[in-house]
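Here is a short briefing on one protein chain. Please look over the fold before reading the notes.

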Amino acid sequence: MAELHVVGQVVGGSGFPSQNLFCKWGIVAGRSWELLEGMEQGQTQVDSAPDGDMVVWSHPLDVHYSCKGLTGWPKLHFQVWSQDVHGRNDICGYGFCHVPTSPGMYELDCPTWIPEGSVGERIAAFFLGGAPRLKLEEVIHNPGDRFRLQTDTTGTVHLQIGVLMKDFEMHHVRNEQAAAACSVWQPRKVPQQRQLELA
């Protein structure tokens with residue numbers, strides 16, 4: 001079977017209304033994908049950054065999959081939470097992005113959003129806190145019901161990911177087929193550093 005190894009880190013977050021944040025993350029894949037090693041979900045520590053600076057998590061990601069087909073290409077999904085001085089947590093944003101479909105090193109910026117809620121929910125959130133939340137977390141990464149939501153943009157989760165592929169060509173799977181199965185934008189690839197020649 002073909003194998004996919006994703007190694008990297010959830011670097012941090014920026015552009016959120018709070019600077020005292022942590023992130024819950026997960027990776028989901030279709031039925032034809034089997035997790036060989038690694039954890040499919042996790043949570044970062046809380047970081048408090050000065051205003052205007054990026055919140056830094058530097059949380060490791062390391063998953064190893066085998067696959068029988070390309071359907072259900074892996075996706076990363078995120079929930080960014082704020083924590084106040086009393087230890088109360090409130091949602092600041094939801095987001096997801098696909099794992100890149102070509103081997104290499106990538107820097108990904110995952111935009112996040114939050115449900116607007118009704119007028120009453122917005123007034124309650126303004127005076128009491130507690131932004132509207134999703135009842136089903138699957139809505140974050142499943143496109144079926146998400147188009148009906150009215151949302152506001154919040155901030156961005158920053159990632160650095162390395163993608164390794166093994167035996168895809170042996171099983172007659174080309175990168176173009178993987179990209180077509182994923183059918184999403186391709187993130188920017190980090191240029192390889194030039195080797196310095198020593199004299």
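How many of the nine residues of strand β7 (residues 75–83) are buried? Eight of them are, so β7 is largely enclosed by the rest of the structure. The model is predicted.

**Overall layout**
- The chain has three helices and 10 strands.
- Read from the N terminus, the order of elements is β-β-β-β-β-β-β-β-β-α-α-β-α.
- Of the 199 residues in the chain, 40% are buried.
- Among contacts between residues at least 6 apart in sequence, 77% join residues at least 24 apart.

**Strand β7 and its partners**
- Strand β2 (residues 20–28) pairs with β7 in the antiparallel sense, over eight bridges.
- Across from Cys 23 stands Val 80 in β7.
- Strand β8 (residues 89–98) also pairs with β7 in the antiparallel sense, here over nine bridges.
- Trp 81 has Ile 91 in β8 as its bridge partner.
- The hairpin of β7 and β8 has five residues between the strands. In this hairpin, Gly 87 takes a positive phi near 85°.
- The ring of Trp 81 also carries a charge contact: the charged end of Lys 24 sits over it, 4.9 Å from the ring centre.

**Aromatic pairs**
- The structure holds four aromatic pairs.
- In one of them, the ring centres of Trp 33 and Tyr 65 are 6.0 Å apart and the planes stand at 90°, so the pair is edge-to-face.
- This pair links distant parts of the chain: Trp 33 lies in strand β3 (residues 33–38) and Tyr 65 in strand β6 (residues 55–67), 32 residues apart.
- Trp 33 is buried, at 8% relative accessible area. Tyr 65 is buried too, at 1%.
- Ring pairs join Trp 33, Tyr 65, Trp 73 and Phe 168 into a cluster.

**Cysteines**
- A disulfide is a covalent bond between the sulfur atoms of two cysteines.
- The cut-off used here is a sulfur pair within 2.5 Å. By this rule the disulfide count is zero.
- Cys 97 is in no disulfide; its nearest cysteine sulfur, that of Cys 110, is 4.5 Å away.
- Cys 97 is buried, with a relative accessible area of 4%.
- Cys 67 is buried as well, with a relative accessible area of 6%.

Technical notes:
Residues numbered from 1 in each chain as written. Predicted model: local features only at pLDDT ≥ 70, side-chain atom pairs only at ≥ 80, totals over all residues. Heavy atoms only, no water. Buried < 20%, exposed > 50% of the residue type's maximum accessible area, 1.4 Å probe, protein only. Helix = DSSP H or I, 4+ residues; strand = E, 2+ residues; numbered from the N terminus. Contact = heavy atoms within 4.5 Å. Pairing = 2+ DSSP bridges. Phe/Tyr/Trp six-rings, centres within 6.5 Å; stacked < 30°, edge-to-face > 60°. Lys NZ or Arg CZ within 6 Å of the ring centre and 35° of its normal.
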